[in-house]
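Grab a pencil and work through these exercises one by one. Try each task before you peek at the solution.

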Amino acid sequence: MLRKKTHEMARRPRLSTFAARTAERTYDRRSFLRNSGLAVGGLAAATAFSGGSVRKAEAATAGSGAVEVIQSICTHCSVGCSVMAEVQNGVWIGQEPGWDSPFNLGAHCAKGASVREHAHGERRLKYPMKLVGGKWERVSWETAINEIGDKMLELRQKSGPDAVYWLGSAKHSNEQAYLVRKFAGYWGTNNVDHQARICHSTTVAGVANTWGYGAMTNSYNDMHRSKAIFLIGGNPAEAHPVSLLHILKAKEQNNAPLIVCDPRFTRTAAHADEYVRFRSGSDVALIWGLLWHIFENGWEDREFIRQRVWGMDQIRAEVKKWDPEETERVTGVPGAQLKRVARLLANNRPGTVVWCMGGTQHTNGNNNTRAYCILQLALGNMGKAGGGTNIFRGHDNVQGATDVGVLSDSLPGYYGLATGSWKHWARVWGEDYDWLLSQFGSQKLMESTGIPVSRWFDGVLESKDNMDQPDNVRAMVFWGHAPNSQVRQKDVKAAMEKLDLLVVIDPYPTVSAVLHDRTDGVYLLPASTQFETYGSVTASNRSLQWRERVVAPVFESKPDHVIAYLFAKKFGFADRMFRNIKVNGEEPLVEDVLREMNRGMWTIGYTGQSPERLREHMKYQATFDRTTLRANGGPLDGEFYGLPWPCWGTPEMKHPGTANLYDTSMPVAEGGLCFRANFGLERDGQNLLAEGSWPVGSEIEDGYPEFTMALLKKLGWDADLTDDERKVIEATGGDACNWKIDLSGGIQRVAIKHGAAPFGNAKARCVVWNFPDPVPLHREPLYTSRRDLVADYPTYEDRKFYRLPTLYKTDPAEGLLQGLPDHPHLGPAGRVRGRRRRDPVEPVARRAPAGDVRRDQPARRQQPRCSRRPDGLGARSGRGEGQGLGDGHRTGGVRRGVHAVPLRRASRGQGPAEQVSRGRRSLRAGRIHQHRADIRLRLRHSDAGDESHPLPHRTSVRETRDGTHEIPV
């Protein structure tokens, strides 16, 4: 058995010991083999243990110098694992996981174990490059900045500042991301965004409009206390491997049932106690189907709902429509299974709900995320240890980049784009508001949302007559972003080729550099990796961690905050933009950037995490509890690891951070909270403030609105303000000054002193009256796999927002490909049947609705019953995950609708007994013959839009002499 190391940390890394030992003397080949005891056959083992530092063999003396261990944070996913980098003579020679980190506890996943290659990868972009006549030429940084800047200023003069799009990144540190958003404001545009628009913007909007903040409410570690885990739209076994360790800990020590809902049988689903296979895009229907059983059996938490939830009655009315039969028709999940899941959730509280991008990346993603939240509100699982909504973000700093406002619809701290928001940040920056306004094309453009990253190419290609800005996007800056994951790649490529200027800023030449067929007008600028710079980064649970620089920037790369300064200097506003930030040569001081953020981000409590406090947390990681994240003893006793926001007030207040949002069981001063009063005092004559619920220790024992100077005076608490705080408040707006714009922090300090939350104490709202669907509804998207449901659950109407027309109902392909022949993988007019995995011979939906096929269709269409296998196949064929037969499948019974077993699978040497039960062999043969006839018939007569379906994977199609198509069996 392995013996536990002292303080959970190895006394000395093996690679460090080896390097230090070899540094003492010079070895030739014979001496090395003799002294190390390696035979010729053992050389493979030696090279396998080289830590990835394989180099060309050459005669040289071993290096000398001590090995320094530098603490950093993994740059892959949002868990925030610590990396202990071993550096000798400025070279990163090895790494080990951080044993003291409460997040990864000495664990690394395969991705985290490879981060050293990010800095030392052989494909690094070494110096600035320029595309000239189809060939790349090396240029200097000065030349690149001047040429890019001159072209941008020319475009600005002709088309306005919105003609340049600044696309930021979730791979920047908090400080670098903040500077990108600030830079866009000084340039004069809201055409700035980052990856979160594609992944979790629907989470931020949906969750924030439910209870106040659009972020993970608890933490990976808090799941240790969960009695049930409901995971939907995520696959942490592959996407966030270390997070799965926290999930499995709850599963083992609490006997917590793990319920995984996913259209695919994933590696995470393999660990599930209950796997629910449902049709992709039917999340709302699935949740309402669960709530039908919860409400029907009285399993909801009625007292919690009475005190802290508004609008649940309207949810009940919608849920009544989703009885087991309708839920199964839409989702494919049997009612008996959903009742079993509902009982598990009701009997094992508190439980947590976990989701990731599988639930967000839909046309009705806001509805999905709100439905997940409403499930937790109904069960009373919010604001409790082991409960909440644990939203797994993707990138290492996608939470932080979103928080600091690299968004086309917000300023840092989610302040929005209204006049008051701009004036607040002008005060923080010490900037003249009128000068900022003059940088924009107009006040209307200054206060209107920009084009999102998901539509930037439409900003290039769309007719400017259809856009809400003066001209098209003519220059694009990919600052730490590549378009690999975006849809409509053909349009992305066309947009890249139409641009006047394309700039890619990245440590590596990404897809952005090669997707297009341009011959000029492209620049590649080598950015440093996050291991060649330093600063803070925010994990998915809202904890901030401090990265230290591991190695100096390699080759001619520069850190992103340096690049921001160089561009600001070129455009003539560097002195204004960095007036509060010390600049050493051409590098802004990162600590000063964070301090400026602390002075302005009062809304979400990014104000108490000073650089000094964050460094102390990294230094004393070992003192934090692995489940609660609270420090036990030591200089940080009582604080939560990483000071998860909101960390109220100034750093001098020493607020401990908030580990679990909305937890009323502890005082606000110790990390407790209630739901935010952000939606008014009443609605339709009903009270929106909490009733009979408040954080422990509050002097106001009921609901209350957000704090303003006027409210402090009404309560008589204004006497607690200092003279300096009072002066700042009076200068900001007097009685109208609220907790969000008070730069002194006095209003927050006084409210917390009396046990109150600065943002008020209200009810969570299930009904969001300012959304297209006040009550979350199931909607079938344009490219649905179930055309028969479109009439019952129509998608949204076309509309214009984010400066561009958005087509929900109208097929953008209609009219473009009219007259072209149908293809098996395309519908009429070339319409792509995106992501459909239907069997090729399913009858037309209008002819055979997805009702009970046994009533509507001939007996020979019936499917054999399947055994209870996760892949849905009756055969015990040993096939792995992802081999299901598509939508409409129901595990363990007759599949709904009319589907065929894929023909290629049936003819691949598997006997009839492996395909169907005994006594059905003749039925099988007859069905194959009938299917082939149907395919030929439908391909020949596919004039109607609903009668074209894709073929199964790897099925070959051949055209006959008479112009028809057939599938060989």
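**Exercise 1.** In which sense do S1 and strand S2 (residues 82–88) pair, and over how many bridges?

Step 1: Some ground rules. This is a predicted model, where local features need pLDDT of at least 70, side-chain atom pairs count only at pLDDT 80 or more, and totals for chains, interfaces and linings use all residues. Residues are numbered from 1 along each chain as its sequence is written, and side-chain values use heavy atoms, with hydrogens and water left out.

Step 2: Helices (H or I, at least four residues) and strands (E, at least two) are DSSP runs, numbered from the N terminus. Two strands pair if DSSP finds at least two bridges between them.

Step 3: S1 and S2 run antiparallel, joined over seven bridges. For example, Val67 has Gln88 of S2 opposite it.

Step 4: How enclosed is strand S1 (residues 67–73)? Five of its seven residues are buried, so S1 is largely enclosed by the rest of the structure. Here buried means under 20% relative accessible area, exposed over 50% and partly exposed in between (1.4 Å probe, protein chains only).

**Exercise 2.** Work out the strand order of the open sheet of seven strands, and find which strands stand at the edges.

Step 1: Reading across, you get S5-S4-S16-S15-S14-S6-S7, with mixed pairing.

Step 2: Strand S5 (135–138) and strand S7 (192–193) are the edges; each has a single partner strand, so one side of each lacks a neighbour in the sheet.

Step 3: Zoom in on strand S6 (residues 164–167) and strand S14 (residues 475–479), which pair in the parallel sense over four bridges. Trp166 has Val477 in S14 as its bridge partner.

Step 4: Contact means heavy atoms within 4.5 Å.

**Exercise 3.** Classify two aromatic pairs: Tyr186 with Phe573, and Trp739 with Phe759.

Step 1: Know the rule. Rings of Phe, Tyr and Trp (its six-membered ring) pair if their centres lie within 6.5 Å; planes under 30 degrees apart count as stacked, over 60 as edge-to-face and the rest as tilted. By this rule, there are 44 aromatic pairs.

Step 2: For Tyr186 and Phe573, the ring centres are 5.8 Å apart and the planes sit at 45 degrees, so this pair is tilted. Tyr186 belongs to helix H6 (residues 174–187) and Phe573 to the loop between helix H24 (560–571) and helix H25 (574–577), 387 residues apart. Both Tyr186 and Phe573 are buried.

Step 3: For Trp739 and Phe759, the centres are 6.3 Å apart with planes at 75 degrees, so that pair is edge-to-face. Trp739 has a relative accessible area of 0%, so it is buried, and Phe759 is buried at 0% too.

**Exercise 4.** How are H26 and H27 oriented to each other?

Step 1: The axes of helix H26 (residues 590–600) and helix H27 (residues 611–619) come within 9 Å and cross at roughly 110 degrees. Axes are lines fitted to C-alpha atoms, for helices over the stretch in contact, and angles run from 0 to 180 degrees between N-to-C directions.

Step 2: Angles under 35 degrees count as roughly parallel, over 145 as roughly antiparallel, 65 to 115 as roughly perpendicular and the rest as oblique. H26 and H27 are therefore roughly perpendicular.

Step 3: Glu591, Leu594 and Arg595 of H26 make the contact with Pro611, Glu612, Leu614 and Arg615 of H27.
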